[in-house]
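Here's a quick briefing to read with the structure open beside you. Take it topic by topic and click along as you go.

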Amino acid sequence: MEASARLPSQMLAFYEALVATMLAGCVRRVVAIRESGRPIALLPLCRRPGWFGRWHVAGERQVYEPVDALCRDDAAAAALGQELAWLRRPLRLERVPTDSPLVAALGTAMKGRGLLVVRPATGCPTIAIDSAAPDPEARFNAGRRSDFRRARRRAEAEGEVTFEMHAPSRATFDALFDEAVEIERSGWKGDAGTALGCDPVKAAFFRDFLSRASGEGACRVAFMRIGGKAVAMQLAVEFQRRYWLFKIGFDTAFSRVSPGNLLMLHALADATGRGLLGIELLGEVEPWIMDVWTREAMACVRLQTYPFNLHGLAALAVEAANWLWQRRPGRR
């Protein structure tokens, strides 16, 4: 089914790593549509135990990345939508690409069975690669190109500057991953407590997922070094001819040389040279991304179903009460 996938969160390795690390204690269910015994649509779900637990796509709340169903075609998506509409509990899909066939399929299937609410969700920045423009710096204006050259000169004043793009095997992955995690922890994410080195459960997930991806030749680990010392890193997966960037980090002691930007420029040149279609930054649209790299984003929506039963009505009532509480007079 991965041939029908467009997101790395649809990879089997992604779901297997979730099951092994972050879904402990969750109720799990894979909704599947089969034709002649073979699957044509799949959606792995999970929820908390208990009467009020609602279904979510596995992974969206654990790592907050875009998710979608695996569907062979629109007909398979329509059949999956019908199956999802029969779920007795509410379903919430946090970040689904707007052009996913599941959006329309679920809208049709929920008619007469429940309420479907569709709202805009946080998009994901994307950098399209123009194969006719082999020089990645040509996409930037003169001022930005000057910024890159100035940062490179500052870095070279500190020592020899080198870049690495690794496609590790499972045998070589762990050492590279450990080095990348240590760089991330030395930066602002470590200070904020959001680095992988500060979250053993999430670190275990990414180690498991990227290790499995390494076994398929899909994992990428990139470094920028100054005088042999790693000062910036990227953890990524190459999937469907795109470079999906899961984690970035740099040593704040070298902030003056903009190591994160220089490594991103190297990754863009590498992806361009190998004929990839784009770089997907995942995460959220942030000012530093829009100011330097791209204003384009993969548009996403949030889908919420409320079946016409006690579970659906209870979920709707709870959310309505929360909405009123947040907007009560005097609350800022």
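Which residues of helix H1 (residues 12-21) are buried? They are Ala13, Phe14, Tyr15, Ala17 and Leu18. Bear in mind that this is a predicted model, with a mean pLDDT of 92 for the protein.

- A pLDDT of at least 70 is reached by 99% of the residues.

**Helices H1 and H3**
- On H1, the buried residues pack against strands E1, E2 and E10, along with helices H2 (60-63) and H8.
- Helix H3 (residues 74-85) has 12 residues, and at 1.5 Å a residue it should span 16 Å; its end C-alpha atoms are 16 Å apart, so the two agree.
- H3 buries Ala76, Ala77, Leu80, Gly81, Leu84 and Ala85.
- The cover over those buried H3 residues includes strands E1 (27-35), E2 (38-47), E4 (70-71) and E5 (91-97), plus helix H4 (101-109).

**The largest pocket**
- The largest pocket holds about 900 Å³ of space. Its lining takes in 33 residues, and Trp188, Lys189, Ile248, Glu286 and Trp288 are the closest to its centre.
- Strand E10 (242-250) gives the largest share of that lining, with 6 residues.
- Elements that each supply at least two lining residues include H7, helix H8 (200-215), strand E9 (229-239), helix H9 (259-273) and helix H10 (287-292).

**Proline 259**
- You'll find proline 259 in helix H9. Its relative accessible area is 1%, under the 20% cut-off, so it counts as buried.
- Setting aside neighbours within four places in sequence, proline 259 is in contact with Met224, Val231, Ala232, Phe250 and Phe254.
- Alanine 222 is 37 residues away from proline 259 in sequence, and their C-alpha atoms are 12 Å apart in space.

**Glutamate 238**
- Glutamate 238 belongs to strand E9. Is it buried or exposed? It is buried, because its relative accessibility is 17% and the cut-off is under 20%.
- Its side chain makes a polar contact of 3.2 Å with the side chain of arginine 220, and another polar contact, of 2.7 Å, joins it to the side chain of arginine 274.
- Not counting residues up to four places away in sequence, glutamate 238 touches Ala218, Arg220, Arg274 and Leu276.

**Leucine 281**
- Leucine 281 sits in the loop between strand E11 (278-280) and H10.
- With a relative accessible area of 9%, leucine 281 is below the 20% line and so is buried.
- What does leucine 281 touch, not counting residues up to four places away in sequence? Its partners are Pro125, Ile127, Leu245, Met264 and Ile289.
- Leucine 281 and alanine 236 are 45 residues apart along the chain, with 9.4 Å between their C-alpha atoms.

Technical notes: Residues numbered from 1 in each chain as written. Predicted model: local features only at pLDDT ≥ 70, side-chain atom pairs only at ≥ 80, totals over all residues. Heavy atoms only, no water. pLDDT = per-residue confidence, 0-100. Helix = DSSP H or I, 4+ residues; strand = E, 2+ residues; numbered from the N terminus. Expected span 1.5 Å × (residues − 1). Buried < 20%, exposed > 50% of the residue type's maximum accessible area, 1.4 Å probe, protein only. Contact = heavy atoms within 4.5 Å. 1 Å grid on protein atoms, 1.4 Å probe; cavity = no way out; pocket = protein on both sides within 12 Å on 5 of 7 lines; lining within 4 Å. Points joined across faces, edges and corners; volume = space filled by probe spheres on them. Polar contact = N/O pair within 3.5 Å; in protein donor to acceptor, adjacent residues only side chain to side chain.
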